[in-house]
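Good morning, and thank you for coming.

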Amino acid sequence: VRYIGVDGPRWFLRAVISGRAVQDAEIAAVLEGVVGDIVVVRGDEPMAPKESIELRLPPEARQPAGQQPAEQEVPDLNPFERGPEIAEIR
C-alpha cells in the first residue's frame, strides 16, 4: 500500500494506492495523475477537524444511474460463472 497526501489551505487530501500500482510505476503514474487532477472546493463555512468534504463529480462526468456511456462497451456477463475469489488463511 502507498499513501499520497496533498495539503491545502484548511484541507488535506489523502489517497491510498494498492494492488499492482504499488510496484508498477506506469500504473501508479495514472493514479497519481487522477489525484493531481482533483479540485478541492473547501467553502467558507466552518467545519470540525477531520470532517469529510462532500465529493461531487464534475457535470461532464455525471451519468444517470444505470445508463452506460454510448462509446463504452459492456463485457458479456455470465451470472452462472464463478467470479474471482478471495481466500484468507490465518
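This is a predicted model: local features need pLDDT of at least 70, side-chain atom pairs count only at pLDDT 80 or more; totals for chains, interfaces and linings use all residues.

Let me begin with a question: is proline 46 buried or exposed? Proline 46 is exposed, because its relative accessible area is 76%, and exposed means over 50%, buried under 20% and partly exposed in between, with a 1.4 Å probe and protein chains only.

Residues are numbered from 1 along each chain as its sequence is written, and side-chain values use heavy atoms, with hydrogens and water left out.

Now the overall arrangement. The protein contains one helix and two strands; helices (H or I, at least four residues) and strands (E, at least two) are DSSP runs, numbered from the N terminus. Their order from the N terminus is β-β-α. Of the 90 residues in the protein, 10% are buried.

Proline 46 itself sits in the segment after helix H1 (25-36). Between proline 46 and arginine 10 there are 36 residues in sequence, yet their C-alpha atoms are 10.0 Å apart in space.

Isoleucine 53 also belongs to the segment after H1. With a relative accessible area of 35%, isoleucine 53 is therefore partly exposed. Its C-alpha atom is 8.5 Å from that of valine 41, twelve residues away along the chain.

Isoleucine 53 leads us to the largest pocket. A pocket is an open set of points on a 1 Å grid over the protein atoms alone, where a 1.4 Å probe fits, with protein on both sides within 12 Å along at least five of seven lines; lining residues have an atom within 4 Å of a point. The largest pocket has 25 lining residues, and Phe12, Leu13, Val40, Ile53 and Glu54 are the ones nearest its centre. Its volume is about 1,100 Å³, meaning the space filled by probe spheres set on the points. Strand E2 (residues 11-17) supplies the largest share of the lining, four residues.

Finally, the start of the chain. Valine 1 lies in the segment before strand E1 (2-8) and counts as exposed because its relative accessibility is 64%. Thank you for your attention.
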